[in-house]
Amino acid sequence: MKQTTHPPDHRTADVRNGAAPAVSPPDRGGKLRRPPSTRWAAWAFLAPVTVYLALFYAYPLYRNIDLSLRNYTVRSFVQGDAPFTGLANYRKVFDDPLFAPALLHTAVFTAVCLVFQYAIGLALAVFFHQNFRLSATLRALFLVPWLLPLIVSASTWSWMLNSESGVVNAALHALGIGPVNWLTSPSWSLTSVIIANIWIGVPFNLVVLHSGLQSIPASLYEAAAIDGANTWQRFWRVTFPLLRPVSAITLLLGLIYTLKVFDIIWIMTKGGPADSSTTFATWSYQLGFGNLLPAFGPGAAVGNLLVVAALVFGLVYVRVQRKQALS
């Protein structure tokens, strides 16, 4: 007859020795209750973030929505007695003749900047991933456009693209090409601000994508080389698929940033000439602050359209990431 042995009960031994059990007793629902000190510590850590989000995100967003739903003037903006108008400001924006051109300029500006910033940033990230001599130094120099204040970068590009004294037209003249009115021609103004914004945004893509490349194991490249894959096949079959999550967040952040670009366009062209480079960001500023009689309501409505666009793309990103995680 076998004798069954049971492992010693350490909890019973602890109780006999006078030590209290480490786990709190369960409540009526069967769940373990956290000590009060732990709950207060959690709330203490959450409080600064909550206050920050409420003051600098939730409240400004609420005020912007309130502005877009009321007929604010300078007097009512100070006194706070603006009448409620509902969606009248949004209808005014949609009926404005500038709405369609501003929407087109915003879409073109955002799409072209994203494509070139990502493509150039990815090419540079792959290039610097080779870890050759002076790689770190050159990579640091590429960060200069990203580190400069936007007003400095925009002013520099305004000087370079000046029709009469700019270095770009001087270089074109040396090549036998006539001068181009980069900033004063409706045909070239949007192109000018796109070029400047691409130059400013490439370093961000370079840094993020280069970090993503460093997380890819070198053994995968060695295995692909043993299988006979050339350089392009290794990039297309190994690098690009494994870089997809980093690429997605890079494009999302670049999209949100590009949608709200204001400084570069306003300093270089002020949305002109003849509204040829006006986007939603500059249009919102013009409506709210660019006139002697500011239209706070329509300006806030245009700003809310940008918020909705960024929110839609953010939700799409979250949905795609969730599907990839489940697959």
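**Close-up 1. Ser277 and the backbone of Gly272.** In this predicted model, a polar atom of the Ser277 side chain sits 2.8 Å from the backbone oxygen of Gly272. Ser277 also makes a polar contact of 2.7 Å with Thr269, this time side chain to side chain. (A polar contact is a pair of N or O atoms within 3.5 Å; within protein, one must be able to donate a hydrogen and the other to accept it, and residues adjacent in sequence count only if both atoms are side-chain atoms.) Where is Ser277 found? Look in the loop between H14 and helix H15 (280-289); helices here are DSSP runs of H or I with at least four residues, numbered from the N terminus. Ser277 counts as buried because its relative accessibility is 0%. Buried means under 20% relative accessible area, exposed over 50%, and partly exposed in between, using a 1.4 Å probe and protein chains only. Setting aside neighbours within four places in sequence, Ser277 is in contact (heavy atoms within 4.5 Å) with residues including His105, Ser189, Leu190 and Thr282.

**Close-up 2. The largest nonpolar core.** A nonpolar core is a set of buried Ala, Val, Leu, Ile, Met, Phe, Trp, Tyr and Cys residues joined through side-chain atoms within 4.5 Å. The largest one here has 36 residues, and Phe109, Leu161, Trp182 and Met268 have the most contacts inside it. Helices that each supply at least two of its residues include H5 (99-128), H10 (189-214) and H14 (263-268). Which helix gives the most to this core? That's H10, with 10 residues. Zoom in on Met268 and, beyond residues up to four places away in sequence, you'll find it touching Ala154, Trp157, Ser158, Leu161, Leu183, Ser192, Val193 and Ala196. A second, separate core has 17 residues, among them Val93, Leu255, Ala281 and Ala301.

**Close-up 3. The buried side of H4.** Helix H4 covers residues 88-95, and its Asn89, Tyr90 and Val93 are buried. Why are they on the same side of H4? Because they cover an arc of only 100° around the axis, where the arc is that of the directions from the helix axis to the C-beta atoms.

**Close-up 4. Val112 on H5.** Val112 lies in helix H5 and is partly exposed, with a relative accessible area of 27%. Not counting residues up to four places away in sequence, Val112 touches Ile194 and Ile198. Val112 and Ile198 are 86 residues apart in sequence, yet 8.6 Å apart in space, C-alpha to C-alpha.

**Notes for all views.** Residues are numbered from 1 along each chain as its sequence is written. Local features need pLDDT of at least 70, side-chain atom pairs count only at pLDDT 80 or more, totals for chains, interfaces and linings use all residues, and side-chain values use heavy atoms, with hydrogens and water left out.
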